[in-house]
Amino acid sequence: MAMAEKFDSLEEHLEKFVENIRQLGIIVSDFQPSSQAGLNQKLNFMVTGLQDIDKCRQQLHDISVPLEVFEYIDQGRNPQLYTKECLERALAKNEQVKGKIDTMKKFKSLLIQELTKVFPEDMAKYKAIRVKKDCFCLAKFY
């Protein structure tokens with residue numbers, strides 16, 4: 001069974017369960033002794049519905065949902081906003097880290113320039129070592 005079919009099946013069972021609970025609420029709110037058989041039938045449907053939902057749960061055991069999604073739902077917010085906000089936070093963090101990397105690259109370049117002015121011989125040796133290491137590292141990939 002495809003993943004989408006598993007979700008569709010779960011959704012269908014949940015909808016049936018919610019409808020049964022709605023009908024059960026109507027029966028209970030206006031309970032008459034003559035409606036006992038209908039009440040018992042709805043209670044049995046609830047038990048069966050819970051069993052069906054549990055079977056769906058077993059098929060989707062490898063799916064994990066962040067707790068924050070349930071908080072969104074509890075607050076009456078659209079859970080898809082969670083995904084959108086996570087992506088926006090990730091993009092912002094990515095930009096922040098990219099800025100730090102760019103700053104460090106500029107710092108390294110300026111540091112090498114200034115060290116070359118003060119210690120030209122040592123920096124020549126350093127650059128020669130770096131070239132050898134870079135060539136060695138690249139050779140590993142080929």
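**Note on helix packing and the main pocket**

1. Helix α3 (residues 67-74) and helix α4 (residues 80-118) cross at roughly 125°, and their axes come within 9 Å. This is a predicted model, in which local features need pLDDT of at least 70 and side-chain atom pairs count only at pLDDT 80 or more, while totals for chains, interfaces and linings use all residues. Residues are numbered from 1 along each chain as its sequence is written, and side-chain values use heavy atoms, leaving out hydrogens and water. Helices are DSSP runs (H or I, at least four residues) numbered from the N terminus. Axes are lines fitted to C-alpha atoms over the stretch in contact, with angles from 0 to 180 degrees between N-to-C directions.

2. α3 and α4 are therefore oblique to each other. Angles under 35 degrees count as roughly parallel, over 145 as roughly antiparallel, 65 to 115 as roughly perpendicular and the rest as oblique. On the α3 side the contact (heavy atoms within 4.5 Å) involves E68, V69 and Y72, which meet L81, Y82 and E85 of α4.

3. α1 and α2 pack with their axes 9 Å apart, at an angle of about 160°. That makes α1 roughly antiparallel to α2. Residues making this contact include L10, L14 and F17 of α1 and L43, M46 and I53 of α2.

4. The largest pocket has a volume of about 270 Å³. A pocket is an open set of points on a 1 Å grid over the protein atoms alone, where a 1.4 Å probe fits, with protein on both sides within 12 Å along at least five of seven lines; lining residues have an atom within 4 Å of a point. The volume is the space filled by probe spheres set on the points, which are joined across faces, edges and corners.

5. F7, L10, L14, I53, R57, L60, I63, V65 and F70 line the largest pocket. Two or more lining residues come from each of α1 (3-29) and α2 (36-59). α1 gives the largest share, 3 residues.
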